[in-house]
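Subject: Model handover

Hello,

Here is the model we talked about. Please open it alongside this note.

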Amino acid sequence: MNQAALIQLGISLIAVLFVAWLVKRIGLGADPRIADADHAIRLAEEAEAGFKGIEVARDRAGFAAIVRNAEGRMMLVRAHGNHFAARPVDAATVGRLDKEFLTLTSPERTFGAVTLQLGKEAGMWASRMRDLNCG
Amino acid sequence: MDKLPDPVVYAVPGFILLLIIEMLIALRRDRSRYEARDTLTSLMLGTISQVAGAAVGAAVIGMAVWVYQFHLFDIGLDFRSWWWAWILCFFLDDLAYYVFHRSAHRVRWFWASHVIHHSSQHYNLSTALRQTWTGFFSLTFLFRLPLFLIGFPPAMVFFCAGLNLIYQFWIHTEAIGRMPKWFEAVMNTPSHHRVHHGVNPRYLDANYAGVFIIWDRMFGSFVAERDDEPVRYGIVKQLGSFNILWAAFHEWVGIAKDVWHAPWRHKLSYMWREPGWSHDGSRATSATIKERWAAGRPVEEAAE
């Protein structure tokens, strides 16, 4: 790479950082929350065509939710940037219960772990996760 | 080889200016159209794409020049004498782009390179710059080779390709609704291209055009944007991450894992079949998703 190309690359990187800074500085962006059970079901159904949610465990702050269908399959939906991303909750997903909090760790490292504050329901959903591992 | 300037280099200041104008429009209309980490990811992917392109540029040019020695017709570069060849070259290059782009969505090997461009859940001008790092590795340059064989000089083809790329920048926006009817009929527009970036089952695998939407209308891949179904952007299995390395390589990693674990007779199929294909039918292709969406049946595992 010659000197002119390096200078061009340097200028590009500065411009990239400036634009990203500007997006934050002028207040662009959103704080997406899952409003209620219907919203969680809609997000799960959008993530997987044909999935029909019937029961929801929603994080108290609305950052994430677990949606279950009639066959017992579950989907984890969580906020990602201004939008949401979802993954199936299966035997490879690790669940850890801590009183009212349930933490789900996806086998996909970049998706990461999600902690949901579920109140008294946390134990029931943790039990369902154990059933996945046994089944 | 005769050399012409790269038009994209001259367009970059315009790209940045339009990006800032679009951000100001988003500030007034809908702040959620931009997200700082998403924008940073897109622009970093674009910047490194330029570096990757420069690194293999000599090889691509070399291959073009090598193929050009077998050309069928003698076509010159001088615009005053060869203006019709320039127009024809631009038109045929856009057809070659359509063929490449359709293949990039229907063959997993090409998709692994192209998916990077679709990996944002946003649709703004920064998304336009989210470009591949692995285009050379996935052999995407093959699609333009017939133009050199016809006799269009490599410099002319690369210049036209640059203009094509510049055209495609402005259509990556939600700031423009619909263009005039005659324009929507012939040209690729923000509305048509929003559909292309959609993950709604109705919108999957549609509108592959670069500049002229007529190719989609001719070859049956055109789908119009509907006012009653807003487009949801991204990929069927959203990344859920702003990690640029993961965005650039996740599908290649997926191919490697699948090929490693697949029975011998299915290994190649994980490279050349459509994204989401699996030998045991445990995943869903876009066709399966469309079918099951229409029938309201569950999809066992979303396509990559």
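Below are my notes, chain A and then chain B.

This is a predicted model: local features need pLDDT of at least 70, side-chain atom pairs count only at pLDDT 80 or more, and totals for chains, interfaces and linings use all residues. Residues are numbered from 1 along each chain as its sequence is written, while chains are lettered from A and ligands numbered from 1 in the order in which they are written.

Chain A

Chain A splits into domain 1 (1–29) and domain 2 (37–134). Those bounds come from an automatic or database domain assignment. The C-alpha centres of the two domains of chain A are 37 Å apart.

Now the sheet. Three strands of chain A make an open sheet, ordered β5-β6-β7, with antiparallel pairing. Strands (E, at least two residues) and helices (H or I, at least four) are DSSP runs, numbered from the N terminus. Two strands pair if DSSP finds at least two bridges between them. β5 and β7 (113–117) of chain A are the edge strands; each has a single partner strand, so one side of each has no neighbour in the sheet. On average, neighbouring strands of this sheet are turned by 20° against each other, direction ignored. The axes behind that angle are lines fitted to C-alpha atoms, and angles run from 0 to 180 degrees between N-to-C directions.

Strand by strand:

- β5 (residues 94–98) and β6 (residues 101–105) of chain A are antiparallel, over 5 bridges. Opposite Gly95(A) is Leu104(A) in β6(A).
- β5(A) and β6(A) form a hairpin, with 2 residues between them. Lys99(A) sits in the turn, and its phi is positive, about 55°.
- β6(A) also pairs with β7(A), antiparallel over 5 bridges. Here Thr103(A) has Thr115(A) in β7(A) as its bridge partner.

Chain B

Chain B has 13 helices and 0 strands. Its C-alpha atoms fill a box of roughly 60 × 55 × 35 Å along the principal axes.

Of the 304 residues in chain B, 41% are buried (20 or more other C-beta atoms within 10 Å of the residue's own, with C-beta atoms placed from the backbone). Among contacts in chain B with a separation of 6 or more, 70% join residues 24 or more positions apart. A contact means C-beta atoms, placed from the backbone, within 7 Å.

Best wishes

Conventions
A residue is buried if 20 or more other C-beta atoms lie within 10 Å of its own, exposed if 12 or fewer, and partly exposed in between; C-beta atoms are placed from the backbone. Two residues are in contact if their C-beta atoms, placed from the backbone, lie within 7 Å.
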